[in-house]
Amino acid sequence: RLSNGSTTCSGRVELLHGGTWGTLCDYLWDLPAANALCQQLNCGVALLIPGAQSFGKMNGSVWNGTFSCKKNDSHLRDCPVTVMGHDECPTGKDARVVCSGEHQKRCPGVRLVNGTTCSGRVEIRHGDTWGSLCHSHWNLQAANVLCRQLNCGYAESIQTAHFVYGNVPIWRDAFHCEGTESCLWDCAQVTLGNPACSARKTATVICSGNLGLAESLRLSGGESRCDGRVEILLHDVWSRVLDDDWDLKDAHVVCRQLQCGIAKRAYCLPRSERGTGVVGFRSVQCTGNESHLMLCKTSHSQTVPTGVAEDVGVICSGELLCKSRQIRLINGTKRCAGRVELYHDGIWGTICDDNWDLSDANVVCKQLGCGHAIKEFGSAHYGEGSGQIWLDDVNCTGAESDLWRCPSKPWGQHNCQHKEDAGVLCS
């Protein structure tokens, strides 16, 4: 069985052996074995084996066996088992898995929205319809039960207006909990006769297991933690942020939340660098003074309307003083040969081969610690790049320490195409 997960198809792996349930040692626990378990439980395939702190610890037996599964093993019980010594299975090293199938809560029909995994606006489901819960009937005892059933510890606060209101019905349900119930639905519930509730008075909770605000946001694909594509953690999934009108006010909020100083640049990524996952926020409208992105006006619809398909990026001032510009060689057979690319304003781009010669190539090789230039190349010898062409008419003496110290046209100004991308072969 899978225990202590937020769905029926995730959790700590436990085995029944000799009439006793015990955890499985994670030594040599791998994806083929996890896949076999997911299939055995009718839970699809294994998505990942999460970190050691996931799903808590069990006080009891630890089974020190390892399963040697192959890709075609349909059930874990069909895999060969090897018994290991006790030294290989220290306490707390339990096997874990998140399967793809049946992402239904063990206590279904309750969720937190517009926050993190362990904070947000409380929604419950009646029939097939999700709606917010009225704040006036919500108390700390009920919130404690909800936090516990979501494996999020206890309720720290229910007095918060941080979470954006949704366009959903407002349910008048009142849960009268003692605080010891394992599921919100185990509490006495009153639905009829309660007074109406305004849309701005909906139940919210911040649980103790809540990720810190900075940990619920990240910048991906950049050169440091303070630049890159914006991604937000919603319901345990890193999700995209899309916005054709992304600007510095929005970017300032991201940088502030990540403790990365102020925003130096807000940009939309080129098509080749867009994400492909779930959409979290779109059409973000910040005043620029908010402490975190969830306080900004946003749309949470996962459908992407026409014209709103741009993943957004940020370059913050923090941690970028030495990393705002970088250089690399791409598509060569070794580290010191390839197409020359420069990282500038959060984007990798190429160099045009106009006037590109051995003196220019020498600066590149020296800058990369690759000796001297054996040959310079033009006409996309190492393949055509994509996106931005950063420099044109580069004219180095060969003595410069960095390529961007050489005379050239201004950054981004050129009359070239990627079929003219420059390259070098260093010694």
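**Close-up 1. The C147–C207 disulfide.** Both C147 and C207 are buried (buried: under 20% relative accessible area, exposed: over 50%, partly exposed: in between; 1.4 Å probe, protein chains only). The two cysteines form a disulfide with their sulfur atoms 2.1 Å apart, where a disulfide is a pair of cysteine sulfur atoms within 2.5 Å. The link of C147 and C207 is left-handed, with -80 degrees about the S-S bond. Because C147 lies in helix 2 (residues 140-149) and C207 in strand 16 (residues 204-207), the pair ties together parts that are 60 residues apart in sequence. Helices (H or I, at least four residues) and strands (E, at least two) are DSSP runs, numbered from the N terminus.

The model is predicted: local features need pLDDT of at least 70, side-chain atom pairs count only at pLDDT 80 or more, and totals for chains, interfaces and linings use all residues. Residues are numbered from 1 along each chain as its sequence is written, and side-chain values use heavy atoms, with hydrogens and water left out.

**Close-up 2. The C38–C99 disulfide.** The sulfur atoms of C38 and C99 are 2.0 Å apart and form a disulfide. This pair links distant parts of the chain, with C38 in helix 1 (residues 31-40) and C99 in strand 8 (residues 96-99), 61 residues apart. C38 and C99 are both buried.

**Close-up 3. The C69–C79 disulfide.** C69 is joined to C79 by a disulfide, S to S 2.2 Å. With 110 degrees about the S-S bond, this link of C69 and C79 is right-handed. C69 counts as buried at 12% relative accessibility, and C79 counts as buried at 5%.
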